[in-house]
Amino acid sequence: MPVVHKHGPCSPLANENGEVPSSHMEILAADQRRVQYIHRRLSSETTTGEEPPSQLVPSSSRSSTPSPSSGSVLSSPPAMPSNQSSLSSSSSGSALYTGFYVVPIGLGTPTQWYTVALDTGSDMTWVQCRPCFSCYKQKEPIFRPANSSTYANIPCESPYCSELDAKVCSPGHNCAYSLNYTDYSYTRGTYGHDDLTLRTDTIKDFRFGCSHNIWGLFGQSAGVLGLGRSRTSLMVQAWSKYGGVFAYCLPADPTGTGFLDFGPGAAAMAAAAAKARLTPMLTYKGPRYYYVGMTGIKVGGHLLPISPSVFSTAGTLLDSGTVITRLPPSAYRPLRAAFAKDMAVLGYQKAPGWFAMLDTCFNLTGFQGIVPLPTVSLVFQGGASLDVDATGILYVANASRACLAFAANRRDTDMAVIGSTQQKTYSFMYDIGKKVVGFTPGAC
């Protein structure tokens with residue numbers, strides 16, 4: 001399945017002028033809220049991320065002079081020292097406009113096609129449905145359950161209703177859900193089932209949220225494809241077909257195309273790659289997110305003097321919906337210092353910090369062509385190293401302000417979150433059954 005940035009020219013959601021509706025400030029503010037909610041959710045035993053709806057949905061729903069344009073890295077740059085990456089001076093950070101990447105899915109009989117956000121931090125898949133009492137404007141027609149011969153609401157008496165963390169039910173009513181997202185947006189509606197189409201594959205009786213009330217900014221996508229690990233997720237529901245295995249690659253810039261693949265083919269593809277790096281999936285950390293064990297950080301090929309206990313105390317998870325990677329303060333400070341030192345050696349001038357969390361910024365005005373950068377690598381259990389692509393090292397708001405695309409958490413005990421910016425161009429393979437995560441560079 002193709003994965004594209006939702007406001008890139010390859011996206012079905014992009015407008016005819018190629019305009020991006022969200023500003024950098026809006027993106028970063030939403031990203032901060034998302035990470036803060038993840039931390040609250042993990043720190044509180046009572047926080048489930050879902051709250052009961054205020055009312056049941058009606059039964060009427062059926063049972064370098066940089067240019068801000070391309071954000072690309074040159075495909076065949078000159079040879080660089082092993083401790084440097086290279087960034088095209090035209091990079092603008094435009095791949096970061098929303099932090100969400102989108103994929104096409106089909107629902108119902110006959111199949112109705114929709115563009116939804118890919119999200120490893122979500123479990124339930126949902127789309128907007130008619131009747132819609134409070135919905136945002138989406139590019140494609142809203143799903144009409146009444147037009148699908150295979151759709152049915154899930155009744156409250158069904159055991160599937162009990163798999164929801166929070167619901168409102170009484171005999172004779174449909175199962176109603178309410179899902180709060182990590183950036184304070186929410187969706188409320190009916191829990192139903194229908195045929196789900198993923199390119200040529202069909203998942204029969206797939207359970208998803210048919211949303212009738214929504215608050216939040218979802219960028220005209222029809223909903224969310226939940227790729228988490230709980231009972232409501234696609235990977236658990238389709239276990240017999242895919243074995244709990246999927247892989248994706250997020251493109252380097254908005255003009256590129258990545259992929260989302262499911263099943264043994266995704267695992268075989270990752271295993272066959274000579275450069276595949278594997279690390280354990282730490283499922284004992286919790287039932288929802290994809291946890292891994294980070295052990296260190298390298299800048300310019302040199303391992304920073306950070307105690308492994310800094311990472312083990314905080315823990316680390318992977319999240320395709322977060323934009324900027326968050327680190328424990330005791331890990332971020334050495335990263336910031338080493339990166340700033342190496343940037344000074346390369347001749348870059350410091351620039352004022354931006355949006356509080358981006359405090360290590362540089363002025364790229366006047367640089368032409370390839371912009372060399374210090375390499376940044378994240379090291380995980382088993383020795384697996386994620387050598388961050390050049391497009392994932394800096395968040396470039398404009399030519400005069402390009403900031404290190406990492407930020408510090410408030411406390412060393414807050415979970416580290418590896419965001420989509422640092423995941424770009426890698427194939428990330430998740431094998432829930434074998435409890436392993438693999439990543440392969442240069443996959444898209």
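Q: Does D387 count as buried, partly exposed or exposed, and what is its relative accessibility?
A: This is a predicted model, in which local features need pLDDT of at least 70 and side-chain atom pairs count only at pLDDT 80 or more, while totals for chains, interfaces and linings use all residues. Residues are numbered from 1 along each chain as its sequence is written, and side-chain values use heavy atoms, with hydrogens and water left out. Buried means under 20% relative accessible area, exposed over 50%, and partly exposed in between, with a 1.4 Å probe and protein chains only. D387 therefore counts as partly exposed, at a relative accessibility of 32%.

Q: Which residue does D387 meet in a salt bridge?
A: A salt bridge is a side-chain nitrogen of Lys or Arg within 4 Å of a carboxyl oxygen of Asp or Glu. D387 lies in strand β24 and its partner in strand β14, so the pair ties together parts that are 110 residues apart in sequence; here strands are DSSP runs of E with at least two residues, and helices are runs of H or I with at least four, numbered from the N terminus. With 3.5 Å from N to O, the partner of D387 is R277.

Q: Which residue in β17 stands opposite V299?
A: Strand β16 covers residues 294-299 and is joined to β17 by two bridges, the two strands running antiparallel. The residue in β17 that stands opposite V299 is H302.

Q: How many residues apart in sequence are the parts that the pair R288 and D123 ties together?
A: R288 forms a salt bridge with D123, with the closest N and O atoms 3.2 Å apart. Since R288 lies in the loop between β14 (277-280) and β15 (290-292), and D123 in the loop between β4 (112-119) and β5 (126-128), the parts tied together are apart in sequence by 165 residues.

Q: What is the relative accessibility of R326, which meets D31 in a salt bridge?
A: The side chains of D31 and R326 meet at 2.8 Å, N to O. D31 counts as buried at 3% relative accessibility, and R326 also counts as buried, its relative accessibility being 1%.

Conventions. Two strands pair if DSSP finds at least two bridges between them.
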